[in-house]
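Subject: Structure handover

Hello,

Here is the structure we spoke about. My notes follow below it.

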Amino acid sequence: MNKKKLHVKTGDTVKVIAGDERGKTGRITAVDREKQRVTIEGLNLVTKHTKPSAQNPQGGIQKVEAPIHASNVALVDPKSGETTKTARRKNSEGKSERYSKKTGEVI
């Protein structure tokens, strides 16, 4: 599979636009470009049953954040606080940069 660049990256604040967590916002903690999935802090929690091990001698049930497909999240503009689409363009030094399609400002 190709490692395509996504419209979001680690550290971005995003709003979930589809699925069980629709309408909630959070910060991205991990991005899997291969599978086009993002993990968001405190969202899409699933229960994971863990066997006792050396690190966790008790074992038990834990809540773990599961990844969400990148197409189901929208970037929240840090300045305005609204969701926005992003695009890429070259700046004056010829380096690629992300910008907001709503405002035209660099994100």
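Residues are called buried under 20% relative accessible area, exposed over 50% and partly exposed in between (1.4 Å probe, protein chains only). This is a predicted model, in which local features need pLDDT of at least 70, side-chain atom pairs count only at pLDDT 80 or more, and totals for chains, interfaces and linings use all residues. Residues are numbered from 1 along each chain as its sequence is written, and side-chain values use heavy atoms, with hydrogens and water left out.

Lys95 is exposed because its relative accessibility is 58%. Lys95 sits in the loop between S9 and strand S10 (96-100); strands are DSSP runs (E, at least two residues), numbered from the N terminus. Lys90, in strand S9 (residues 86-90), has 61% relative accessibility and therefore also counts as exposed. Both belong to a surface patch of positive charge, together with Lys3, Lys5, Lys9, Arg33 and Arg88. Such a patch takes residues with over 30% relative accessible area and no salt bridge, like charges being joined within 9 Å; a salt bridge is a side-chain nitrogen of Lys or Arg within 4 Å of a carboxyl oxygen of Asp or Glu.

Backbone. Most residues other than glycine have a negative phi. Gln36, in the loop between strand S2 (25-32) and strand S3 (37-40), has a positive phi of about 55°. Asn44 also has a positive phi of about 55°, and is located in the loop between S3 and strand S4 (45-50). With 21% relative accessibility, Asn44 is partly exposed.

Regards

Methods
Patch = residues over 30% accessible without salt bridge, like charges linked within 9 Å, V, L, I, M, F, W, Y side chains within 5 Å. Areas by Shrake-Rupley, 256 points an atom, 1.4 Å probe, with all protein chains shown as cover. Lys, Arg positive; Asp, Glu negative; His and termini not counted. Charge placed at Lys NZ, Arg CZ, Asp CG, Glu CD. Helix = DSSP H or I, 4+ residues; strand = E, 2+ residues; numbered from the N terminus.
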